Amino acid sequence: MKGWTTLFYKEVLRFWKVGFQTVAAPVMTAILYLLIFGHVLESHVEVYDGVGYTAFLLPGLIMMSVLQNAFANSSSSLIQSKIMGNLVFILLSPLSHRAWFLAYVGSSMVRGMVVGAGVLLATFWTAQLSFAEPLWILTFALLGSALLGALGVIAGLWAEKFDQMAAFQNFVIVPMTFLSGVFYSIHSLPAFWQQLSRFNPFFYMIDGFRHGFFGRGDVSPWLSLGVVGGAFALVAGLALHLLKTGYKIRH
């Protein structure tokens, strides 16, 4: 157990040493989204009865920050280590592929949860949140950050250059996050786009997380849990397989 915990500690220190960039900056970005969208739409949009738009928006912004930063942590660590050449020191250690997975995904979950907590603390005063079912909040935050951390491992192993990693994040992660219902309910969309949104696993992470605050959402939280849990099993299985075979890291 000491092996993976050492790598986990190293990965946590890696993002914490530059916390102004890895924690404070995402929190500031979420605050700007809240100020802009909340100011413009607060008096014009009411998604749930008795819930203002700013209150509706807050859980989406928190979860978006959790997911994006969990992905960024594992993916950036692997691609930087590959390009700078210091990944060889980890390869020389007697760590199993499971230890790698636990360390990279675990540290990604820590970063995602820290950023999410930072967004919540910085913005909770702007709207009244009820925390109707806190267990769902914690469940989807942990499972969502684990899923994106595992996806970051896959992306970090696949990418060979920084521009490939940027393309993966800009053309896959960001669109799927923004089109997941962070800023709106899918019931406000035309029928075709509603059905298309249901194929986006990010939608279920956002909706399940939001359900924990208001006790209601666009779909059942149990359905969301099943989809997100199944997606995590698939992504984690692929990440473990790639680590075991040394995909693009052992030549």
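Colleague: What span should the 15 residues of helix α1 cover, and what distance lies between its end C-alpha atoms?

Modeller: Please keep in mind that this is a predicted model. Helix α1 covers residues 2-16, and at 1.5 Å a residue its 15 residues should span 21 Å. The distance between its end C-alpha atoms agrees with that expectation, being 21 Å.

Colleague: Within what arc do the buried residues of α1 fall, seen down its axis?

Modeller: The buried residues of α1 are L7, E11, V12 and F15, while K2, Y9 and W16 are exposed on the other side of the helix. Seen down the axis, the buried residues line one face of α1, because they fall within an arc of 140°.

Colleague: Is E11 buried or exposed, and which residues form salt bridges with it?

Modeller: E11 has a relative accessibility of 0%, so it counts as buried. Its salt bridge with R14 has the closest N and O atoms 3.4 Å apart, and since R14 and E11 are three residues apart in helix α1, about one helical turn separates them. In the salt bridge with K10, the closest N and O atoms are 2.7 Å apart. E11 is therefore buried, and its partners are R14 and K10.

Colleague: How many salt bridges does the structure hold, and which one links distant parts of the chain?

Modeller: The structure holds three salt bridges. The side chains of E160 and K248 meet in one of them, at 3.4 Å from N to O. This pair links distant parts of the chain, 88 residues apart, with E160 in the loop between α6 and α7 and K248 in the segment after α10.

Colleague: Turning to the rings, what kind of aromatic pair do W136 and W222 form?

Modeller: The structure holds 18 aromatic pairs, and in the pair of W136 and W222 the centres are 4.9 Å apart. W136 belongs to helix α6 (residues 134-158) and W222 to helix α10 (residues 221-245), so that the pair links parts of the chain 86 residues apart. The planes stand at 85°, and planes over 60 degrees apart count as edge-to-face. The pair is edge-to-face.

Colleague: Which of these two residues is buried and which is exposed?

Modeller: A residue counts as buried under 20% relative accessible area and as exposed over 50%. With a value of 11%, W136 is therefore buried, whereas W222, at 61%, is exposed.

Colleague: Why is the pair of W158 and F168 described as tilted?

Modeller: The ring centres of W158 and F168 are 6.1 Å apart. W158 lies in helix α6 and F168 in helix α7 (residues 162-178), 10 residues apart in the chain. The pair is tilted because its planes meet at 50°.

Colleague: Where does the charged end of R210 sit?

Modeller: The charged end of R210 is placed 3.8 Å from the centre of a ring. The ring over which this charged end sits is that of F56.

Notes: Residues numbered from 1 in each chain as written. Predicted model: local features only at pLDDT ≥ 70, side-chain atom pairs only at ≥ 80, totals over all residues. Heavy atoms only, no water. Phe/Tyr/Trp six-rings, centres within 6.5 Å; stacked < 30°, edge-to-face > 60°. Helix = DSSP H or I, 4+ residues; strand = E, 2+ residues; numbered from the N terminus. Buried < 20%, exposed > 50% of the residue type's maximum accessible area, 1.4 Å probe, protein only. Lys NZ or Arg CZ within 6 Å of the ring centre and 35° of its normal. Expected span 1.5 Å × (residues − 1). Arc of directions from axis to C-beta. Salt bridge = Lys/Arg side-chain N within 4 Å of Asp/Glu carboxyl O.
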